[in-house]
Amino acid sequence: MADDTSATGVTLEGDTAVRQVLDAAVREGGVPGILAEIRDGGGQWYGTAGAADTDTGRPRGHGDRFRIGSITKTFTATVLLRLVAEGRLTLEDTVERWLPGMVTGNGHDGSAVTVRRLLDHTSGIHSHTNDQPALSRQASYTPGELVAIALSHPADFPAGTGWAYSNTNYVLAGLIVERVTGRGLAEEIADRLVRPLSLTGTSLPLGADPDLPAPHARHYTRLFSPDPGAPVHDATELETSPYWAAGGMISTVSDLTRFLAALLGGELLGPEQQREMLTMVPTADWLPRASYGLGLSRLVLPSGVPVWGMGGALFGSWSYVYGTRDGSRVVAANINADWVRGRWEDPVGLFTDLLEAGLGPAAGGVQSLD
């Protein structure tokens, strides 16, 4: 495995600190490989450390594609908000209006769940991904089957009375996009976001396609086990239909920084929808010092600097993309693993250090908490 960090691009403030975190992730944290990019008005910088393939020692590459997990939610929410801007639905429309009869039973009530409550996780709808045995019974799943798994469990709370992260919320959001437009979610994401922004490495796989397009790193998983002795599996080929609109997309660090810079910079949404997306609600039992908007989160770094973006984890791949409020500086990173050891308890700690290095005070992150 290649341990030395490699980097290229223009010199940006803070890139040395980011480089040190990348190197430590491999040397101390034991991740197979890590990749990061900083985008700001001065240009782009990227760095890599470790291996894309632990058998061959092939290093990670700037153009590596990887599974982005819940960063998919930001794409789904952006498409929905663009439809709201076009007057094709409102955030106060109910799930029952667009998906009649789908959300009912066990305390779930689609007539009380609005589009807004789906997007900010205040719906109370149980997350289907909490039922892993149910997701192990067949080779692939339709969105309707995922919703049925969720509804076989009691609602977490009455709609609008609490907060709980639920992947089913975004499966329903994806279904609403398809009902409103009459087109597939993958087509809407491609036409509204991917092609206009020239995100050449970004896609939502169709159906049960398990392939990860080249170039890519191998994706290594310990099935999210904290046990350092847990066996490592290769999850590069992965059938992602259980995650779909909530976590099924593939991207690159360059595409992610371009997308988030455009989103936070006001290129993708009008002022009203931008305000709605960035209206945060308190979270519970989620990331430290976090609040959540509509498909986008706000973190306050240990240094006190606020950043906006999203993280995502899927078997063998963990990614973060966060930036300044105006999108003038954005950092994206990926590890081709779902663990870390050493001074970090979990990958969240590793990525927090990386965001501090790339967006914290040393990198000019001196924004107000307002």
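At 52% relative accessibility, Leu223 counts as exposed, where exposed denotes over 50% relative accessible area, buried under 20% and partly exposed the range in between (1.4 Å probe, protein chains only). The residue is placed in the loop between strand 7 and strand 8 (233-234), and its phi is near 55°, a positive value in a residue other than glycine. Helices (H or I, at least four residues) and strands (E, at least two) are DSSP runs numbered from the N terminus. The model is predicted, so that local features need pLDDT of at least 70 and side-chain atom pairs count only at pLDDT 80 or more, whereas totals for chains, interfaces and linings use all residues. Residues are numbered from 1 along each chain as its sequence is written, and side-chain values use heavy atoms, with hydrogens and water left out.

The secondary structure of the chain consists of eleven helices and 15 strands. For 370 residues, a compact globule would have a radius of gyration near 21 Å, and the 19 Å of the chain agrees with this; the radius is taken over C-alpha atoms, and the globule rule is 2.2 Å times the number of residues to the power 0.38. Along the principal axes, the C-alpha atoms fill a box of roughly 55 × 45 × 35 Å. Of the 370 residues, 58% count as buried. Among contacts (heavy atoms within 4.5 Å) with a separation of 6 or more, 69% are accounted for by residues 24 or more positions apart.

The largest nonpolar core has 70 residues, and those with the most contacts inside it are Phe75, Leu80, Leu89, Leu119 and Ile176. Such a core is a set of buried Ala, Val, Leu, Ile, Met, Phe, Trp, Tyr and Cys residues joined through side-chain atoms within 4.5 Å. Apart from this core lies another, of 33 residues, among them Leu287, Leu299, Val307 and Val340. When residues up to four places away in sequence are not counted, Leu80 touches Leu89, Val115, Leu119, Ala173, Ile176 and Val177.

Helix 7 (185-194) is largely enclosed by the rest of the structure, because eight of its ten residues are buried. These buried residues are Leu185, Ala186, Glu188, Ile189, Ala190, Arg192, Leu193 and Val194. Their cover includes helix 2 (72-85), helix 6 (167-181), helix 8 (244-247) and helix 9 (253-264). In helix 5 (residues 143-151), the buried residues are Leu146, Val147, Ile149, Ala150 and Leu151, and what covers them includes strand 5 (104-105), strand 6 (108-109) and helix 6.

The loop between helix 7 and strand 7 (220-221) contains Pro215. The peptide bond from Ala214 to Pro215 is cis, with omega near -5°. Ser198 lies in the loop between helix 7 and strand 7 as well and has a positive phi of about 55° although it is not a glycine. Ser198 is exposed, with a relative accessible area of 54%.

A buried loop position is provided by Leu296, with a relative accessible area of 0%, in the loop between strand 11 (290-292) and strand 12 (297-300). Not counting residues up to four places away in sequence, Leu296 touches Thr74, Leu260, Leu263, Leu264, Met277, Leu278, Met280 and Gly309. The C-alpha atoms of Leu296 and Trp286, ten residues apart along the chain, are separated by 14 Å.
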